[in-house]
Amino acid sequence: MEKKKCPQCKNLILKTSPTCLYCGRPNKFITKEYVNKKWNIDNNKNVFDYIFNNKYLIFILFLIFTIVVIIFN
């Protein structure tokens, strides 16, 4: 495995390790680009619109269900 020197304490650490084992300095800084690359997440979605559309659809289905129950009873 490839190793590199920690910029803070100058000890050898693995390139794949998230932090230095000796001083705790992060090897890879957590940024939005890092998270998107790692988890393949698109943060441009509007969560409010997604939730609103689902609630609207559930309300319509519930309304149709109650009307059908009332008509056939």
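The protein chain of this predicted model contains 2 helices and 2 strands, where helices (H or I, at least four residues) and strands (E, at least two) are DSSP runs numbered from the N terminus. Read from the N terminus, its elements follow the order β-β-α-α. Because the model is predicted, local features need pLDDT of at least 70 and side-chain atom pairs count only at pLDDT 80 or more, while totals for chains, interfaces and linings use all residues. Residues are numbered from 1 along each chain as its sequence is written, and side-chain values use heavy atoms, with hydrogens and water left out.

**Chain-level values**

- Of the 73 residues in the protein chain, 7% count as buried; buried means under 20% relative accessible area, exposed over 50%, and partly exposed in between (1.4 Å probe, protein chains only).
- The protein chain exposes about 7,000 Å², of which carbon and sulfur atoms supply 65%; accessible areas come from the Shrake-Rupley method with a 1.4 Å probe, and for residues only the protein chains shown count as cover.
- Among contacts between residues at least 6 apart in sequence, 0% join residues at least 24 apart, a contact being heavy atoms within 4.5 Å.

**Ile13 in strand 2**

- Ile13 belongs to strand 2 (residues 12–14) and is buried, its relative accessible area being 6%.
- Leaving aside residues up to four places away in sequence, Ile13 touches Glu2, Lys3, Lys4, Cys6, Cys20, Leu21, Tyr22 and Asn27.
- Between Ile13 and Met1 there are 12 residues of sequence separation and a C-alpha to C-alpha distance of 10.0 Å.

**Salt bridge**

- The count of salt bridges comes to 1, by the rule that a side-chain nitrogen of Lys or Arg lies within 4 Å of a carboxyl oxygen of Asp or Glu.
- Glu2 forms a salt bridge with Lys15, and the closest N and O atoms are 3.2 Å apart.
- This pair links distant parts of the chain, 13 residues apart: Glu2 is in the segment before strand 1 (3–5), and Lys15 is in the loop between strand 2 and helix 1 (32–39).
- Glu2 is exposed at 57% relative accessible area, whereas Lys15 is partly exposed at 40%.
- In general, side chains of opposite charge can pair when their charged atoms come close.

- Ser17 is located in the loop between strand 2 and helix 1 and counts as buried because its relative accessible area is 14%.
- A polar atom of the Ser17 side chain lies 2.9 Å from the backbone oxygen of Leu14; a polar contact is a pair of N or O atoms within 3.5 Å, where within protein one must be able to donate a hydrogen and the other to accept it, and residues adjacent in sequence count only if both atoms are side-chain atoms.
- The Ser17 side chain also reaches the backbone oxygen of Thr19, at 3.4 Å.
- Lys10 sits in the loop between strand 1 and strand 2 and is exposed, with 53% relative accessible area.
- Although Lys10 is not a glycine, it has a positive phi of about 65°.

**Nonpolar surface patch**

- A nonpolar patch on the surface is formed by Tyr56, Phe59, Ile60, Leu63, Ile64, Ile67, Val68, Ile71 and Phe72, which together have about 920 Å² of accessible area.
- Patches are made of residues with over 30% relative accessible area and no salt bridge; like charges are joined within 9 Å, and nonpolar side chains (Val, Leu, Ile, Met, Phe, Trp, Tyr) within 5 Å.
- Ile67 lies in helix 2 (residues 47–71) and is partly exposed, with a relative accessible area of 42%.
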